[in-house]
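Thanks for coming. I will go through one structure, starting with its domains and then turning to the ligands and some packing details.

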Amino acid sequence: MSCAVNPVSPVVNGTAYCTINVFAKEKFESVIQFYSKILDLGRVSTEGDVTQSVLLSNEEMSLKIKLTIDDSKDKEFQGQRQGFLDNRKTADWRSMMGEYVTYTVSDFLVLENLLIEFGVPYQCKPNDISPSQIYSLDPQGNLVGFASTKNSISTILPKPTAVSSALSSKTISRVHSSTDLGYAVETGLNYPSLPIINLTRPQRKRSIAVMTSGGDAQGMNSVVRAVVRTAIFKNCQPFAIMEGYEGLVRGGPDYITPLKWEDVSGWNAIGGTNIGTARCMKFKEREGRLLGCFHLIQAGIDALIVCGGDGSLTGADLFRAEWPSLVSELLKTKKITQEEAQTYESLNICGVVGSIDNDMCSTDATIGAYSALSRICEAVDYVEATAASHSRAFVIEVMGRHCGWLALMAGISTSADFIFIPEEAVNPGTWRDEMCETISRHRKRNKRTTIVIVAEGALDRDLNPVTANDIYKTLVDRLKLDTRITTLGHVQRGGSAVAYDRVLATLQGVEAVNAVLDSVAGSASPIITVSENKIMRKSLVDSVKLTKSVASAIAAKDFGKVLSLRDPEFIEHYQNYLAINAADHYDPQLTADKRLKIAIVNVGAPAGGINSAVYSMATFCLSQGHKPYAIFNGWSGLTRHEGVRSLDWDMILGWQTRGGSELGTNRDTPCSTDIGMIAYYFQKYQFDGLIIVGGFEGLISLHELERSRDVYPGFRIPMVLIPATLSNNVPGTEYSLGSDTALNSLTSYCDILKWSASSIRGRVFVVDCQGGNSGYLATVADLAVGAHASYVPEEGISIDQLMQDVSNIAEAYERMDECGTETKETGKLVLKTTNASKAIDVEKLSQIMTSEAGGKFDARSAVPGHIQQGGNPSPIDRTRATRFAIRAVQFIEDNQMVVNKYRHANEVYDDAFDKVMRSTAAVLGVKGSGIVFSSVRKVYDDETDVKKRMPKVVHWQSLRSVADHLSGRKRVVET
Ligand SMILES: Nc1ncnc2c1ncn2[C@@H]1O[C@H](COP(=O)(O)OP(=O)(O)OP(=O)(O)O)[C@@H](O)[C@H]1O
Ligand SMILES: O=P(O)(O)OC[C@H]1O[C@](O)(CO)[C@@H](O)[C@@H]1O
Ligand SMILES: [Mg+2]
């Protein structure tokens, strides 16, 4: 290979002079232009005639461009250039040229734009997501390298990864190729190939800034990580605005800073916000917003993603509305040019709701709210122990500003005796009596603890605050209870985010970048929301307006409206709290003729929230006037006569918060035990309804009972399955109880491993995840912990992908070295669902990875096992269990009329009969943005792959490509 460069001294190694040879006259000027523009060099002198040379120079370096006309050399270079173009995707250009010169440049963005402008091809290294080196061909065809930091270019070529003997097809069982089950990476998120050169129109990279504002909230770092990486992935330049609106007002490179891929490594596990936040009074004034506008334009920012609470998003909405007038003021005062005014005529803004308060209308959950709830529940669980020991009362004050969501959800999760929330302002004359009456009843039934949760914004109907002190005094003076106040304070905002918040933040961060890229001038600004499991875009203006109207309704003492302005789920939760808390102290809601005997049974492996479902089912039944029955130790327990007991309030105290299954559970199904005997007991106890809480065996159980209705009249009652399994593999629902608890356990376990791995250079942990044939847990954990790769049964492990992953990880380590970042986040994780491959367990997998890595890293295996079933259920599982249980009882109530006609044994079970009865045996599920009941027959026949114990369609499939793109995992797309 020819090289026209005569590197007198390589610039990269400190000296700053070299000669570039050009062999065709028509190329001479463009080569001069190329180097002078890119390296910012001035033309110093011109010499000679046929053999001309030009000296280009600046303070740091000089470059001689020398023209020696030589047709054959020029042709040789043309041929070479073609070779580079042909091999742009497949070969490392450094291996194709004997010599080349490297330069340091400060801004790759500018460089890439210039290379595009010159129409020259280029290649990014180590990859195009986060290059630390860029190689290009100058107009003559010389290979030229650029580095973003001094001396950072490695001339050592990455060793091509070969499949060694350790990886013969004998050692790996290939379960499925990556495309077998339709898991090819989604088009929209596919890895970009090397940049496509646009020869006609230079393109400016879009710059997207992200900021966090207001009170910090767990999960904000995941938003920033997702925004940064998605922006880079979509070929945009991400920026952080440091310190919230304060950074915008102050401006300059200290406050508006570009971020790289590696800058956000490991951020998922870190609490608070790494880019700072503030409450900025100046931004509330137009003057502050004018400065913000100027600084954004100055930094060339096209779009702004604001992650904050209701205040921050109100500010964002105002900023958006005022933007045109701010721009024209800046133009008038000559702070910006006409061209800038045109380029930035409208502000492309998107809101992501991050606040522990969950006070923004139009979204179910704000980022951080469930983490704060988790902190509260942990604290109350701890307090329970000391309260029980002393038989004390505790008044626990929680945050939430003017919103009672945290207090309400904590009340349900911990089965608190009484709660105070701003949405349900209490009667100033009667609240003390009401509270004391409830607590006295509980105490009379031998309850040793009293927990009252008060939201910091709690009010009475005259708008006077109801404080922890007021409550304390009442408990002491009237009930003579030994009482303590615990104000949880900022502990609630502390610690790292629970898995739910990490995933929510990640998906919303990705969606925010998509939203700003979809926006055109004049389009309405969106806010990213969540409804059940669905990430959506809504109007920022409308959400802000709706949220503001809550404050107006409170001020107007219109409390009915306040409650109605919260999302429908809030109201449902509030009614649920009242219902389960009324189990012993009100007259039953229903008249005697409507009261039912409802049985509950646990089937399958333990999962977080099973006990909460039993507790809520029983307390709700009691408050309605129904009689709740427990079947102990599953179907086999029933056939072994181990007991059916009616549940009463005293017996189930404390079950809401407990892990495991108090009723006892196993995987037996009615047909695998003795369905006749089960029918006998159903007849004996005259059950009017059945609730099964369980996983895949729960579904099979319900199916078997439903299909036996013709033979056994005892089963002609409404029956519901509440899905509960950490595998989240029950067809008919996108969410099963226990999967959140499991995800939190796995996430905490992985965080610990990651810290350990980060302390040792080049350490990777390969973690074995439960989940049966479902890769749900591993996939969502992948997103939550920022794993490098995950292997799931739906895809299996292909040798090619495994090799690719080894080289991805090796590259990631190289990139870290080359970036010279001082990041400690060097630990890497790979997750594998046990059934992703039966042939290679995590131990073997880690051995293979270590041996293939050729010394670049070493891998260790880790097996968390049944720890994944979790300890105490997460607040999400507790509150969902309550919601599911109450909905299940209501389903049984609603379907009584339907089944009554057919319950007698002498009814002929014909087709018409069957058709009506079908809908009365259902799977309760979360689908899209709502709760639905689907006939078990339909679910079993149409939606279930019985052999694989899986739904036929997996709803979380798209998460895999998001996880891949956020970790920079390259996929081998198999043909
Ligand atoms: N009406 C407004 N106009 C302009 N800016 C505002 C407005 N309201 C709030 N902001 C800006 O947003 C910042 C954060 O608002 P705020 O303190 O209400 O927190 P938040 O975003 O609601 O978060 P959290 O309630 O979770 O702490 C304010 O300090 C201010 O800079
Ligand atoms: O951290 P600061 O500024 O004291 O603010 C506390 C407030 O912030 C929040 O934690 C979040 O808005 C509120 O719940 C609380 O009232
Ligand atoms: Mg707020």
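Which domains does the domain assignment of the protein give? Before the answer, one caveat: what you see is a predicted model. The assignment lists domain 1 (5-147), domain 2 (207-364 + 498-542), domain 3 (369-493), domain 4 (591-737 + 873-948) and domain 5 (742-870).

Take domain 2 and domain 3. Their centres, taken over C-alpha atoms, are separated by 36 Å. Domain 2 puts 12 residues into the contact and domain 3 puts in 14 residues. On the side of domain 2 that touches domain 3, the residues split into four nonpolar, four polar and four charged.

Now the ligands. Around ligand 1 there are 19 residues, and the closest are Gly214, Gly215, Gly309, Gly311 and Gly315. Helix H7 (residues 310-332) supplies the largest share of that shell, six residues. By class, the shell around ligand 1 has four nonpolar, 10 polar and five charged residues.

Ligand 2 has Gly215, Gly309, Ser355, Ile356, Asp357, Met399, Gly400, Arg401, Glu456 and Arg493 around it. Two residues of the shell around ligand 2 are nonpolar, four are polar and four are charged. Why does ligand 2 lie between domain 2 and domain 3? Because both domain 2 (207-364 + 498-542) and domain 3 (369-493) give residues to its shell.

Next, a sheet. Four strands form an open sheet in the order S6-S9-S8-S7, and the pairing is mixed. At the edges are strand S6 (101-104) and strand S7 (122-125), each of which pairs on one side only. From one strand to the next, the twist averages 25°. In general, strands of a sheet pair through backbone hydrogen bonds, in either a parallel or an antiparallel way. Strand S8 (residues 133-137) and strand S9 (residues 143-147) run antiparallel and are joined by five bridges. Within this pair, Ile134 stands opposite Phe146 in S9.

Last, a pair of helices. Helix H16 (residues 568-581) packs against helix H25 (residues 875-894) at an angle of about 80°, and their axes are 10 Å apart. At that angle, H16 and H25 are therefore roughly perpendicular to each other. Which residues of H16 meet H25? They are Glu572, His573, Asn576, Ala579 and Ile580, and on the H25 side they meet Thr879, Thr882, Arg883 and Ile886. This contact of H16 with H25 has three nonpolar, four polar and two charged residues.

Terms used: Residues numbered from 1 in each chain as written. Chains lettered and ligands numbered in written order. Predicted model: local features only at pLDDT ≥ 70, side-chain atom pairs only at ≥ 80, totals over all residues. Pairing = 2+ DSSP bridges. Helix = DSSP H or I, 4+ residues; strand = E, 2+ residues; numbered from the N terminus. Axes fitted to C-alpha atoms, helices over the stretch in contact; angles between N-to-C directions. Domains from an automatic or database assignment. Contact = placed C-beta atoms within 7 Å. Nonpolar A, V, L, I, M, F, W, Y, C, P; charged D, E, K, R; others polar. Near = placed C-beta within 6 Å. Parallel < 35°, antiparallel > 145°, perpendicular 65-115°, else oblique.
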